[in-house]
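Morning, everyone. I have one structure to walk through. Please have a look at it first.

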Amino acid sequence: MNSTPLWLSSLTLAAAGGWLAANMFAGPATSKEPRFPQLTMDQLDEKQKPLGEQIMKVSSVGIGGPYNPMIRSPVLGQRLFDLFYYLRWQTSVPTKLNEFAILVIARQWRSQVEWFAHAPLAAKAGLSADIIAELKANKRPSGMTEDEAVVYDFVTELTATRKVSDETYARAKKVFNDQQIVDLTALAGNYVMVAMLLAMAEETVPPGKEEPFKMGEP
C-alpha cells in the first residue's frame with residue numbers, strides 16, 4: 001500500500017508541516033565559521049583522546065560534524081557515541097530504511113551535515129535516487145515501497161504531530177516487529193538531537209564541499 005495516509009491530508013497538519021519546513025527549518029544555509037573551532041587529534045586532552053580515537057575509526061569527516069561539539073563534553077560525548085554506534089550499526093532496522101529515516105529528519109531540519117553525510121549512505125544501501133531527490137525537494141516521495149512509506153509516514157507524523165495515530169501504528173506493525181518500532185522511534189529522536197547540536201554549533205559540510213540546501217529554497 002502506498003496511498004497517502006488520512007492524517008497527512010488534514011489541512012491543519014499541512015499548514016503545520018508547511019510552517020515547519022518553510023520557517024522553523026529554514027536554516028542554516030550559511031558559510032559562516034562554526035562556533036567551535038575544528039579540533040584535531042593532537043589538540044585533544046586526556047579525557048577527550050579515547051573518544052577521539054573511537055570517532056576516527058568510524059567517521060568519514062574525522063572529528064567533524066556533531067563530533068566536534070560533542071567532544072567538548074567527553075563524558076556525554078562517549079554516551080552519545082555509544083548510542084550512535086548502536087543506532088547505526090547494531091539496530092534491528094534494515095540499513096536502507098534506517099538511512100531513509102535519518103534523511104527524513106535531515107530534510108525537516110535542513111541539516112546540511114546530516115544530509116551531506118547520509119544521502120550517499122542511503123543510496124549505497126539501496127534507497128532510490130528518485131526518492132532521495134523528491135525528499136530533498138521537500139515532497140513526499142512517490143513510488144515508495146510499503147516499508148519505505150511506513151518509515152516516511154511514521155517518522156513524519158511523530159515529529160509533526162508529536163504522536164503516532166492508530167492507523168499509522170497498525171501499518172508499522174505489519175512490516176516491523178516491536179524492537180524495530182522502538183529502534184526506529186529512538187533513531188528519529190536521536191537525529192533530531194544531532195540536528196540540534198549541528199545547528200547550535202553552526203557546523204557545516206567539509207571545506208570545499210557544496211552544501212545540499214541553498215538559501216531561499218523551501
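This is a predicted model: local features need pLDDT of at least 70, side-chain atom pairs count only at pLDDT 80 or more; totals for chains, interfaces and linings use all residues.

Residues are numbered from 1 along each chain as its sequence is written, and side-chain values use heavy atoms, with hydrogens and water left out.

The fold: 10 helices and 0 strands. Those are DSSP runs, H or I of at least four residues for helices, E of at least two for strands, numbered from the N terminus. Of 218 residues, 44% are buried, meaning under 20% relative accessible area with a 1.4 Å probe, protein chains only.

Now the core. The largest nonpolar core has 50 residues. Such a core is a set of buried Ala, Val, Leu, Ile, Met, Phe, Trp, Tyr and Cys residues joined through side-chain atoms within 4.5 Å. Phe-100, Leu-103, Trp-115, Val-151, Val-155 and Leu-184 touch the most other members. H10 gives the most to this core, 10 residues.

Take Phe-100. Beyond four places in sequence, its contacts (heavy atoms within 4.5 Å) include Leu-127, Ile-131, Pro-141 and Val-151.

Last, Thr-91. Where does Thr-91 sit? In the loop between H4 and H5. Thr-91 is buried, at 15% relative accessible area. Its side chain reaches the backbone nitrogen of Val-93 at 3.2 Å. Outside four places in sequence, Thr-91 contacts Tyr-86, Asn-98 and Asp-183. Its C-alpha lies 9.0 Å from that of Gln-179, 88 residues apart along the chain.

Key. A polar contact is a pair of N or O atoms within 3.5 Å; within protein, one must be able to donate a hydrogen and the other to accept it, and residues adjacent in sequence count only if both atoms are side-chain atoms.
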